[in-house]
Amino acid sequence: GEYDANYLELGDIEVMQEQENEDGASSGSDTGNKRTWEVEAQATGLRYMCRQVFKSEVPAEISREALERHFRALGALDHPHLCRVVDCFELQDAFLLIYEKAFEPAVLDFLTRRNDNGTAQIQENEAAELVRQAMSALAHAAARGVVHGRLEP
């Protein structure tokens, strides 16, 4: 399907102030030449995540048309266990992908919670359900020609 999202005007997106966590780390994440920030649509107050992907990181063999198809495919994914891409902007040296914000707690936090005695809090049936949800999301994306290159809890 075509990329049919509610477009956000670039002027309406505001990078929210990054705050330091208790350990002094920034609230944005930085992995190599990719950076993620929380942003807010000024007109609605809705919060999203913005991922910056530097053009220098896009393999040279990927054509402009293929890249645009990829961004449209990401925007067309609609699944309850995927953060949907709602817009994409091109800057001189990077692309900005605006996508839905994941709900708290983060899966990794949920999986690593421990009881006072050090045993995991998650039950086997809960872990199985999380795996089922993740596999459902991956199957949905794969059926639409999108292979996830960045799996993380």
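Biologist: Leaving aside its neighbours within four places in sequence, which residues is H79 in contact with?

Modeller: Once the close sequence neighbours are set aside, H79 is in contact with Q133, S136, A137 and H140. Keep in mind that we are looking at a predicted model. As for its place, H79 sits in the loop between α1 and β5.

Biologist: Is H79 buried or exposed?

Modeller: Buried is the word for a residue under 20% relative accessible area. H79 has a relative accessible area of 13%, so it counts as buried.

Biologist: And what polar contacts does the side chain of H79 make?

Modeller: There are two to look at here. The side chains of H79 and S136 are joined by a polar contact of 2.9 Å. A polar atom of the H79 side chain also lies 3.0 Å from the backbone nitrogen of H81.

Biologist: Let me step back. How many helices and strands does the protein chain have?

Modeller: You'll find 3 helices and 6 strands. Going along the sequence, the pattern is β-β-β-β-α-β-β-α-α. The protein chain has 153 residues, and 25% of them count as buried. Its accessible surface is about 10700 Å², with 50% of that belonging to carbon and sulfur atoms.

Biologist: What share of the contacts comes from residues 24 or more positions apart?

Modeller: Take the contacts with a separation of 6 or more: residues 24 or more positions apart account for 52% of those.

Biologist: Which residues of α1 are buried?

Modeller: Those are L67, F71, L74 and G75. Look down the axis of α1 and these buried residues fall within an arc of 100 degrees, so they line one face of the helix.

Biologist: What covers the buried residues of α1?

Modeller: The cover includes β5 (85-90) and β6 (94-100).

Biologist: How do β5 and β6 pair?

Modeller: In the antiparallel sense, over 5 bridges. A hairpin of 3 residues joins β5 to β6.

Biologist: Which strand do 7 bridges join to β6?

Modeller: That's β4, and the two run antiparallel. You can pick out M49, which stands opposite Y99 in β6. Of the 8 residues of β4, 6 are buried, so this strand is largely enclosed by the rest of the structure.

Biologist: What lies in the loop between β4 and α1?

Modeller: K55 is found there. With a relative accessible area of 28%, K55 is partly exposed.

Biologist: Which residues is K55 in contact with, leaving aside its neighbours within four places in sequence?

Modeller: The list is E90, L91, Q92, D93, A94 and F95. A polar contact of 2.6 Å links the side chain of K55 to the side chain of E90. K55 and A94 are 39 residues apart along the chain, yet their C-alpha atoms are separated by 4.9 Å.

Key. Residues are numbered from 1 along each chain as its sequence is written. This is a predicted model: local features need pLDDT of at least 70, side-chain atom pairs count only at pLDDT 80 or more; totals for chains, interfaces and linings use all residues. Side-chain values use heavy atoms; hydrogens and water are left out. Buried means under 20% relative accessible area, exposed over 50%, partly exposed in between (1.4 Å probe, protein chains only). Helices (H or I, at least four residues) and strands (E, at least two) are DSSP runs, numbered from the N terminus. The arc is that of the directions from the helix axis to the C-beta atoms. Contact means heavy atoms within 4.5 Å. A polar contact is a pair of N or O atoms within 3.5 Å; within protein, one must be able to donate a hydrogen and the other to accept it, and residues adjacent in sequence count only if both atoms are side-chain atoms. Two strands pair if DSSP finds at least two bridges between them. Accessible areas come from the Shrake-Rupley method with a 1.4 Å probe; for residues, only the protein chains shown count as cover.
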